[in-house]
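These are my notebook entries on one structure.

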Amino acid sequence: MIQDLCRDAVILRFPAGDPVDGQTAYTECEAQAFVIDYGKRLLKEVGLEQDTRFFVIAASAAVDAGFARSLNGVQVVANGRSCDLKNIKVCRQIDGRIECYSCAAF
């Protein structure tokens, strides 16, 4: 059911090993996501502007493997823009299988 909502193609970038010369190496995988751009609208009301997005990322073998390695330092590339993922939550079905990941990006 979540796959019906996740229609936006995104690229997830997972940190791979130790930084070399101050640069973090990444492994990438493609994923399907449902993207909500809510930051500008909500924060503009209080006089602050920040581009904040919410992602629901559908689970797949590659996505599960990436998030199993680390939940820190993960980036998402959507519509040509790269964002750091924060507050990554695993969403499971009743039987315990991972259905999706919900994340905020700044």
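Entry 1, the core. How many residues does the largest nonpolar core have, and which have the most contacts inside it? I worked from a predicted model. I found that the largest nonpolar core has 20 residues. Those with the most contacts inside it are Leu12, Phe55, Ile57, Phe67 and Leu85. I then looked up the elements that give two or more residues to this core: strands E1 (8-15), E2 (26-37), E3 (53-58), E4 (75-78), E5 (81-92) and E6 (98-105), together with helix H3 (61-69). I note for context that nonpolar side chains tend to be buried together in soluble globular proteins.

I listed what Leu12 touches, leaving out residues up to four places away in sequence. Among the residues it touches are Ile57, Phe67 and Leu85, and these three are also among those with the most contacts inside the core.

Entry 3, the strands around E4. I recorded that E1 and E4 pair in the antiparallel sense, over 3 bridges. In this pair, Arg13 stands opposite Gln75 of E4. I then followed E4 to E5: the two run antiparallel and are joined by 4 bridges. Here Gln75 has Asp84 of E5 as its bridge partner.

Asn79 lies in the loop between E4 and E5 and has a positive phi of about 55 degrees although it is not a glycine. Is Asn79 buried or exposed? I class Asn79 as exposed because its relative accessible area is 73%, where exposed means over 50%.

With a relative accessible area of 55%, Asn87 is exposed.

I placed Lys86 in strand E5. Lys86 counts as partly exposed because its relative accessibility is 41%, and that class lies between the limits of 20% and 50%. Leaving aside neighbours within four places in sequence, I found Lys86 in contact with Cys103, Ala104 and Phe106. I also checked Lys86 against Phe54: the two are 32 residues apart in sequence, and their C-alpha atoms are 9.7 Å apart in space.

Methods:
Residues numbered from 1 in each chain as written. Predicted model: local features only at pLDDT ≥ 70, side-chain atom pairs only at ≥ 80, totals over all residues. Heavy atoms only, no water. Core = buried A, V, L, I, M, F, W, Y, C linked by side-chain atoms within 4.5 Å. Buried < 20%, exposed > 50% of the residue type's maximum accessible area, 1.4 Å probe, protein only. Contact = heavy atoms within 4.5 Å. Pairing = 2+ DSSP bridges.
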